[in-house]
Amino acid sequence: MIHIVPKPTDTPGDNSTAMVEREIRTLGGSCRSLDLDAIDPFATDLSGELIWACGLKQDEHQFEVLQALSISNTVVNSPLSIFTCASKVMTSALLVRHGIATPLTLFTASRDTAERFLDEQGRAVIKPVYGYDGNGIFLIDSPEQLGNPPFYLQEYVPNDHDYRVFVIDGTAVGAIARVSDTLAHNIHQGGTGMPVDVTPEMQEVAGAAARAVGVDYGGVDLLATRDGYCVLEVNGTPNWHCMAAPIPRLLAGYLLEKERLLRK
Ligand SMILES: Nc1ncnc2c1ncn2[C@@H]1O[C@H](COP(=O)(O)OP(=O)(O)O)[C@@H](O)[C@H]1O
Ligand SMILES: [Mg+2]
């Protein structure tokens, strides 16, 4: 039995959780929905089980409960890796530490240091540390646009599209290119996604990024550079919009295998 935390943003017309549940049952597995809002993390008999978080509410409750459940259960993705992915600072630190190509990035509370970086770069991308879906991301070129500290600033990599690579267990199983006429090409910002082939270079950098942040599976955002690709971030509860690869089937297969190994 796989216990599934449903994606909070599911709608009847776009239900990621249901897509994977259907595939789990087609493959002969069983699953049930796990309501993190209703469970008592100190008095639950859930133990030794596989829990899959298709998504998590970005509130102060669900992540804590999931983390408490991970003491006695196997959680995919692990709460630590979900947290790592949510933090752009932790993600950048791990990418740098593992020598994975990523744009030059600054994180500082010092306005002077931020202004110097902006001056050296001429322009920079500023992002909220816990942002998602391309929210709050701007290309700035003057100190007045910095806002309040802390400052997460990144070298601007000129582009007219980016890539989202879906990685399961270190393997890039699908990719899309995202195009828009705005800075952030996220589907949520109006970007259009179209399937592309996974090149060996994409496989290498996306697989390495997923391993570096410790996810079982994830969505890795890439930009093309002169030397190949650089990694922007890894999403620990990714969507698979516009992917041509059968992601729900592949995820279901991965989860069932994980459950089988748990029972051994
Ligand atoms: N350093 C950068 N240079 C150019 N474009 C960027 C840069 N960083 C982000 N972007 C654009 O903004 C989008 C969102 O950035 P990302 O770091 O993935 O944050 P989010 O978590 O909001 O998706 C990227 O997919 C890309 O299109
Ligand atoms: Mg992104």
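Modeller: Leu 251 touches Val 20, Ile 168 and Tyr 217, leaving out residues up to four places away in sequence; a contact is a pair of C-beta atoms, placed from the backbone, within 7 Å. One caution: this is a predicted model, where local features need pLDDT of at least 70 and side-chain atom pairs count only at pLDDT 80 or more, while totals for chains, interfaces and linings use all residues. Residues are numbered from 1 along each chain as its sequence is written, and chains are lettered from A and ligands numbered from 1 in the order in which they are written.

Biologist: Is Leu 251 buried or exposed?
Modeller: Leu 251 is buried, because 24 other C-beta atoms lie within 10 Å; buried takes 20 or more, exposed 12 or fewer, and partly exposed is in between, with C-beta atoms placed from the backbone.

Biologist: And which helix holds Leu 251?
Modeller: Leu 251 is in helix 7, residues 247-263; helices are DSSP runs of H or I with at least four residues, strands are E runs with at least two, and both are numbered from the N terminus. Other buried residues of helix 7 include Ile 247, Leu 255 and Glu 259.

Biologist: Switching topic: which residues are closest to ligand 1?
Modeller: The closest are Gln 154, Val 157, Ala 184, His 185 and Leu 232, out of 23 that surround ligand 1, each with its C-beta atom, placed from the backbone, within 6 Å.

Biologist: Which strands supply that shell?
Modeller: Strand 8 (151-155), strand 12 (217-225) and strand 13 (228-235) each give at least two residues to the shell around ligand 1.

Key: Contact = placed C-beta atoms within 7 Å.
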